[in-house]
Amino acid sequence: MRTFVAIELEEEVKDALEGAQQQAAELCRKGNYTPKENFHLTLHFLGEIRPEEVDDVVQAMMETTRRNRPFELKLDRLGFFPRGREGILWAGVEKSAPLQRLFQQLEISLGKQGFAREKKGLSPHITLGREVEPYRGFADVQKQVKLENLTVQVKAIALMESVRRGRNLIYRPLFVQPLKDKSFY
């Protein structure tokens, strides 16, 4: 099973991101664009795990969420991870102490269950497209396509499975764990 732990996005946020993605696509020669239903923010990429390890991941997620309250994230910019003339187009997340705390706690909890830490740490972004090649360059796309100030309500984390259906990847939640509600404090 190919898996990752992620923050899922509300439909309104996905709609707005799809609009920005379409605007960017008009400024690009080519790209492999992420389907709207696959937009998410990865917290920890687990990769291939055995079905019997799902319980260990769930345990780590439950431990993590007990120590974190719901919070908001702001999506504030488009960016690229360049790879020559092509690159990965993404929507970036404003720096957030609650997100960093959630990530660090998840890393600790997964570590207790025997999973390796993320090698690169947390680089919060939502992938909008891969192999994107702008006509004029990455800076042109960033200048012309502005993200309206989008707010993501983070109320839960999800264990997602990546399943290939023909040429398409489908991300489906295997388990969703809500963050600790404020009313329990």
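Helices here are DSSP runs of H or I with at least four residues, strands are runs of E with at least two, and both are numbered from the N terminus. This is a predicted model, in which local features need pLDDT of at least 70 and side-chain atom pairs count only at pLDDT 80 or more, while totals for chains, interfaces and linings use all residues. Residues are numbered from 1 along each chain as its sequence is written, and side-chain values use heavy atoms, with hydrogens and water left out.

I then looked up the axes: those of H2 (residues 54–66) and H3 come within 8 Å and cross at roughly 140°. H2 is therefore oblique to H3, the term for angles that are not under 35 degrees (roughly parallel), over 145 (roughly antiparallel) or 65 to 115 (roughly perpendicular).

For the contact (heavy atoms within 4.5 Å), I listed Val 57, Ala 60, Met 61, Glu 63 and Thr 64 from H2, and Leu 102, Gln 105, Leu 106, Ser 109, Leu 110 and Lys 112 from H3.

Next I turned to the sheet, where four strands stand in the order E3-E1-E8-E9, open and with antiparallel pairing; two strands pair if DSSP finds at least two bridges between them. At the edges I found E3 (40–48) and E9 (168–178), each pairing on one side only.

Which residue of E8 is the bridge partner of Thr 3? I found Glu 161.

Definitions and conventions. Axes fitted to C-alpha atoms, helices over the stretch in contact; angles between N-to-C directions.
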